[in-house]
Amino acid sequence: MKMKLKVLIPVLLISISAGIFAFARIGGKDTPPGRYEAIITLIGQILKEGHYQPKPIDDAFSKQVFAKYLRNLDGEKKFFLKSDLDALKPLETHVDDELNGAPLEVFAKTNELIKKRVAEAATIYPAILAKPFDFSKDEKILMDPEETDWPADAAAREEAWRKSLKYRTLEKYSELIDTRDKEKTKQTDAELEAEARGKVKKVYDRYFDRLKNRMKDDERFAMYVNAITTTMDPHTDYMPPLEKRSFNEQMSGKFYGIGAQLREEDGRIKIVSIVTGSPSWKQGQLKADDVILKVGQGDKEPVDIGGYAVDEAVTLIRGNKGTEVRLTVKSVDGTTKVVSLVRDEIKLDDTFAKSAIINGEHKIGYIYLPEFYADFNDRQGAFSYDDVAEEIKKLKAEKVDGIILDLRFNGGGSLPDVIKMAGLFVPEGTMVQVRSRGGETQQQKDRDKSVQYEGPLAVMVNEFSASASEILAAAMQDYKRAVIIGSPSTFGKGTVQRLLELDNFVRTDLGGSLGAIKLTVQKFYRADGGSTQLKGVIPDVILPSAYYEVGEKKDKNALQWDEIPKADYSTWRDPVDVAPLKANSAKRVANNEAFQIINENIATLKKLDEQKNYPLSLSAYKADEKKNTAALKKYDAVNDKVKPLNITSLGVDLAKIKDDTVKMARNRDWLKFRTRDAYLTEAVNVMEDLIMQSYPKLKNNFTEAKTKEPK
């Protein structure tokens, strides 16, 4: 029977004009391929025929993928031997053949080999940790895998493990000595050394339990496919079914679960708190500090989750709305019970827009937007545009003199929402240009002539502001509508992805879902014609960066910067004059102790990052630790150098949560975190300058509007 493929209209990750991809029959075979073969062949066809700027899928591409996959499997070079790499080398030019329908030899052989080597290493670490380490011996470990080769033989591999385990034990041993000296306990050095080895062994017991018993072939296969897709570009990802579900949950800001917040502690999954109104809260049996031992789906055999990481446990506990999950729980009093819960919708409040008032010389509104969320599957769900519009409405009711929109750490999201959101601040016009694979360019416009907020506006960004965040910041900058404040540049992700369900390409049942691919299909350009790709957005007011080596430019597979013709657009009627704002800020920053400390900290971190060899003797380790701690300790005082902001929640918001002690506590923490934020404080200073710059214009606009009111 021949395999038939359907024509696919792609599901949009971010809404742009729909295209249609048609692909040929998989592999040209009469017998349907297996699930892995179908995925690889589909991925190959989609990359070639649908990617925005596909690289040639040839031997050079294969070598890149092969090297990346081996790094993903064994990044620290402690499993494979040099002879393994020699044996696998003939396969390094085979990836392109597999993408064109050849048998999956690369995955099959590497998967078989890594499982064998992991099983061998699982016998090495307990034997090493069973004997005391001599921390008086003067030796070092090279920690940079880029500068080390694969072990020549089994003895060299064991030596690599010995040094690595010795260093991990030395870290624990040093901590235990400090605790003993501080608390003046009477433990001997030998007892502390044994305790340190025991702690390290627990960590590696859990690590190897995952590698040997819980990491399935599907997971390693997903690593292989992603080595292929991310070599095409960093944002083209393969998503197995469970990962796709998590992606949808993140985009929508909600999921279906039981409403218990979890943490991992000594290999056990503990409940931290219960979300008010959730199934766990309504059912009433689960309490903070209860330990979850097993997770069962309905009446099926429960899974023992001892040693699981939190994300693994969460994957089992979450599921479809209305389905039953049974938890075997050990309570604080020592009793064990089975708790049956029916999953329901849980909203991630921390994902949504939130506002506050900063009182000072002027009354300033502050809006925090962690991502451009959109629930594409539920029209009644949360959309970032609607929420930000509501926050602006509330702030205008408070008669704020200016608004700061905080997009720091906002990695992007929904394109329709960011376009409409930009329209809250400027009249209709092109907010971003989008170019497709064939060179066609579309101008994505806000067509609403009204402006919800006309007052002074500042947008905060940093190196982690990406994609939709960069679109909004760039639009406000091109229209001269706002002052952009932040790190030397934003992330630099100027590409558009679509989510393609691989199941939609095949009619034959291949033994489970094939997953999805998030495919780069278009590229963003600003209204002024420049791409946001790679270069990002350079703020008007640049503040010292608290990070380094962050952004798109770090990845050698990133698409390059270019530009297209400028769109037809008009700047804001009262363009922001950024020159004096920039000059005033530079003077303040130069004399700001907090920013001086931040700069010193970055310089120290860069220096530490250059260190390749680390001591394995206690005396040398302590000397390094003392020197580094002294250098980094200054950073702990950053907040002390920041004058506290008078930041408060809106009364209308507090009224909604006043009876919920958990939400009230989280709200207090949210405000406290921002009270001594050097970057927000300087943004407030810039806004104060902008308000003074804009005030005469605002006064004139208000007077003019009053004279035009109907009599």
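Predicted model: local features only at pLDDT ≥ 70, side-chain atom pairs only at ≥ 80, totals over all residues.

User: Why is the pair of Phe409 and Tyr547 called edge-to-face?

Analyst: Rings of Phe, Tyr and Trp (its six-membered ring) pair if their centres lie within 6.5 Å; planes under 30 degrees apart are stacked, over 60 edge-to-face, the rest tilted. The centres of Phe409 and Tyr547 are 6.1 Å apart and the planes stand at 90°, so the pair is edge-to-face. The structure holds 26 aromatic pairs.

User: What makes Phe409 partly exposed?

Analyst: Buried means under 20% relative accessible area, exposed over 50%, and partly exposed in between (1.4 Å probe, protein chains only). Phe409 has 46% relative accessibility, so the label is partly exposed. Tyr547, at 35%, is partly exposed too.

User: Why is Thr495 called buried?

Analyst: Its relative accessible area is 1%, so Thr495 counts as buried. The side chain of Thr495 also makes a polar contact with the side chain of Gln497, at 3.0 Å. That term needs a pair of N or O atoms within 3.5 Å; within protein, one must be able to donate a hydrogen and the other to accept it, and residues adjacent in sequence count only if both atoms are side-chain atoms.

User: How do you know that Arg162 forms a salt bridge with Glu139?

Analyst: A salt bridge is a side-chain nitrogen of Lys or Arg within 4 Å of a carboxyl oxygen of Asp or Glu. For Arg162 and Glu139, the closest N and O atoms are 2.9 Å apart. Arg162 lies in helix H6 and Glu139 in the loop between helix H5 and strand S1, so the pair ties together parts 23 residues apart in sequence. Helices (H or I, at least four residues) and strands (E, at least two) are DSSP runs, numbered from the N terminus.

User: What makes Glu682 and Arg588 a salt bridge?

Analyst: Their side chains meet at 2.9 Å, N to O. Glu682 is buried at 2%, whereas Arg588 is partly exposed at 25%.

Key. Residues numbered from 1 in each chain as written. Heavy atoms only, no water.
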